[in-house]
Amino acid sequence: MFKFIISRAALVIPTFLGITFLSFFLIRLVPGDPIEVRVGERGITPERLAMLREQLGLDQPLWVQFASYVGDILSGNFGTSLVTKNPVLLEFLELFPATVELSVCAILFAVILGLPAGVMAASRRGSFWDHTVMGVSLGGYSMPIFWWALLLILLFSVSLGWTPVSGRLSVMYYVEPVTGFMLIDTLLSDEPGAFRSAVHHLVLPSVVLGTIPLAVIARMTRSSMLEVLGEDYIRTARAKGLSAGRIVGLHALRNAMIPVVTVIGLQVGTLLGGAILTETIFSWPGIGKWLIESINRRDYPVLQGGVLLVATLVIVVNLIVDLLYGILNPRIRHGR
Amino acid sequence: MPLLDIRNLSVEFATRSGTFRAVDGVDLHVEEGEVLGIVGESGSGKSVTSLAVMGLIGHNGRIVADRMEFAGTDLRSLSPRQRRRLTGKDVAMVFQEPMSSLNPCFTVGFQIMETLKVHEGLDRAQRRRRAIELLDQVGIPDPESRLSAFPHQLSGGMSQRVMIAMAIACSPRLLIADEPTTALDVTIQKQILDLLVSLQRDRGMALVLITHDMGVVAETAHRVAVMYAGQVVETRPARALFEAPRHPYTGALLDALPERALGRRRLPTIPGVVPGIADRPPGCVFNPRCPKAQADCRMGPIPMFPDETGAARCLHPLRQVGGQAA
């Protein structure tokens, strides 16, 4: 098992190199550097522009900038924001819990609904239920996130007034940030009703962000389940006189989960991508909104550091998924 | 009263090109403690017949029978729950592909003990003890440590032994073995066959051995039913069948045995293939491939004609060994 972990972890190094390289050069392909963007149309003297560039080290050749950036990263220094002058890592850690909270709720929503829906669709193949699940999930998958979010806001927030339009908590409440997770912090505080308000704020963004993973998980579970249900060992299970529930819920699901877990892991990447849109729409103060703003301001250190940290997160989650996969699938664990 | 009594069993599947009758009016009976061999080519309906007995035909299959009784219980009228109480306990089955018939996600021990848990309700320690005993009985060395092995760590022969251990876990009165040796190496085939026969003898259970290998039948079966295109075409005690087959199909199968073709330069074969879904001939289902076929073989359904030792579904049966017609 230890060897398995080490071999998986070793694969991470080239991925990191690639991400560092891409995040550094891609943002520099965008026209306008941080100073030009800040100045806007006010105009600036060429001397002052040159001086400011020199201060930020932007006058150096690209490869020198890259080398010093990689050197900083290796010594654990993610730099400071050009706009706020705060350390990037600090800003990230402050905003990160909001994104995690939203993503976890979204993926929970997707798994809790998607798994049973897929299993039911597969075990009643060709039924009305099967067609409904497949049709709805295809719709969910094809739906542009921003449009879907606006539709839900119009219905539930504007027309019905059930949920708030944006933010994490009603302005009526002030909650001391302890963990950064609003659901936990509101429970820790003695503000009555704050937890309810946090939940209310979380519902719509979670549903919006969880829709695509939900569709993917439901469809994947269904197809994986259909394949497994046709296997010889399912016939064996039936020949043992096991109940249908035990056959589907234990013998088939355990095997069908193997590809589904991989897909759930891959969805984490999609989720963080989706979080950027979702957070922008719902004014959710998380990593996604932070990154979008850093692009608009050409805040190079924030963008580079942020992308690298998000990538690290995705890699770690995928590593965990790989390990989980080993636990689910004995053939991997014992490796050949 | 026979242990298993089947009259006029038909199994039909709905396919895109119409209904396909995989089993067509089969009569079978198995006595307590008897070894019945069911022989036939691929597509002759042997497996479907046994799956119908086990209640393992999927939703797309339709089972019709005049009688289908196991130990006096009418299998046709059982509720799914009653059916499950029988399947895996009193009637058990071993399949053709041992490697894919065990669930790759669970240990051997779990899979054996699961059967015991569902049917016998033993406690954990008892189940474990029984599982070790069973693995020992099917000739698996070091049974205690094998309990925690996963199927992918076992060879084909070992997997089949585990499948057999699982099948006999609740001391079934009838064990159906569907081509239990086909997927195995020749050397292992013999071991598995010997194991099945010795278990059958020791426990006095009835064994239905489904195979396409006449040699296997000759070594093990008390009585033989030969199936062709969904029908039983001949049935009689093994010795009588091997000495004097009456149906030309049985004769041709026996002629194709290498040990019977000594002195010939080429092994005799049966030309053509088993008729499929669209080309079932009228009259005798074997008539297009039969060297003895005459005009009357191509008309109307042919009944079973009983004789001194059994019965054959043929208008112009063979009289002597080796396919010589009278």
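Q: Before we look at the sheet, when do two strands count as paired?
A: Two strands pair if DSSP finds at least two bridges between them. Please keep in mind throughout that this is a predicted model.

Q: Which way do the residues of β7(B) point, and are they buried or exposed?
A: Val91(B) and Met93(B) point one way from the strand, while Ala92(B) and Val94(B) point the other way, and all of them are buried.

Q: What does the whole sheet look like, and which strands are at its edges?
A: It is an open sheet of eight strands with mixed pairing, and the order is β7-β8-β9-β3-β10-β11-β13-β12 in chain B. The edge strands are β7 (91-94) and β12 (305-306) of chain B, each of which pairs on one side only. Helix α7 of chain B, residues 156-167, packs on this sheet and touches β7 and β8 of chain B, and its direction makes about 175 degrees with that of β7(B).

Q: Which residues touch the most other members of the largest nonpolar core?
A: That core has 145 residues, and the ones that touch the most other members are Ala165(B), Leu174(B), Leu175(B) and Val208(B). The helix that gives the most to this core is α12 (residues 244-281) of chain A, with 14 residues.

Q: What does Ala165(B) touch, then?
A: Leaving out residues up to four places away in sequence, Ala165(B) touches Ile112(B), Leu134(B), Leu135(B), Gln137(B) and Val138(B).

Q: And what is in the second core?
A: The second core is separate and has seven residues, including Leu169(A), Val175(A), Ala198(A) and Leu202(A).

Q: Switching to chain A: how many helices and strands does it have?
A: The secondary structure of chain A comes to 15 helices and zero strands. Its C-alpha atoms fill a box of roughly 85 × 55 × 40 Å along the principal axes, and 35% of its 336 residues are buried. Of the contacts in chain A with a separation of 6 or more, 73% are between residues 24 or more positions apart.

Q: How do α13 and α14 of chain A pack?
A: Helix α13 (residues 287-296) and helix α14 (residues 300-328) of chain A pack at an angle of about 145 degrees, with their axes 9 Å apart, and their crossing is left-handed. The residues that make the contact are Ile287(A), Trp290(A), Leu291(A), Ser294(A) and Ile295(A) from α13(A), together with Val302(A), Leu303(A), Gly306(A) and Val310(A) from α14(A). By class, this contact of α13(A) with α14(A) has seven nonpolar, two polar and no charged residues.

Q: What about α1(A) against α14(A), is that crossing left-handed or right-handed?
A: The crossing of α1(A) and α14(A) is right-handed. Helix α1 of chain A, residues 2-10, packs with α14(A) at about 150 degrees, and the axes are 10 Å apart. In this contact, Phe4(A), Ile5(A), Arg8(A) and Ala9(A) meet Leu319(A), Asp322(A), Leu323(A) and Gly326(A), and these residues divide into five nonpolar, one polar and two charged.

Q: How many residues of α4(A) are buried?
A: The count is zero among the eleven residues of helix α4 (46-56) of chain A, which is hardly covered. After α4(A) comes Gly57(A), whose phi is positive, near 80 degrees.

Q: Where does Arg125(A) lie, and why is it classed as partly exposed?
A: Arg125(A) lies in the loop between α6 (88-123) and α7 (128-142) of chain A. Arg125(A) is partly exposed because 14 other C-beta atoms lie within 10 Å, whereas a buried residue needs 20 or more and an exposed one has 12 or fewer. Apart from residues up to four places away in sequence, Arg125(A) touches Asp130(A) and Leu226(A).

Q: Last one, how many residues are in contact between chain B and chain A?
A: In chain B, 23 residues are in contact with 18 residues of chain A. On the chain B side, α2 (80-86), α3 (98-101) and α4 (108-120) each supply at least two residues, and the largest share, four residues, comes from α4(B). The residues of that side divide into nine nonpolar, nine polar and five charged.

Technical notes. Residues numbered from 1 in each chain as written. Chains lettered and ligands numbered in written order. Predicted model: local features only at pLDDT ≥ 70, side-chain atom pairs only at ≥ 80, totals over all residues. Contact = placed C-beta atoms within 7 Å. Nonpolar A, V, L, I, M, F, W, Y, C, P; charged D, E, K, R; others polar. Axes fitted to C-alpha atoms, helices over the stretch in contact; angles between N-to-C directions. Left-handed = near helix turned anticlockwise from the far one by under 90°. Core = buried A, V, L, I, M, F, W, Y, C linked by C-beta atoms within 7 Å.
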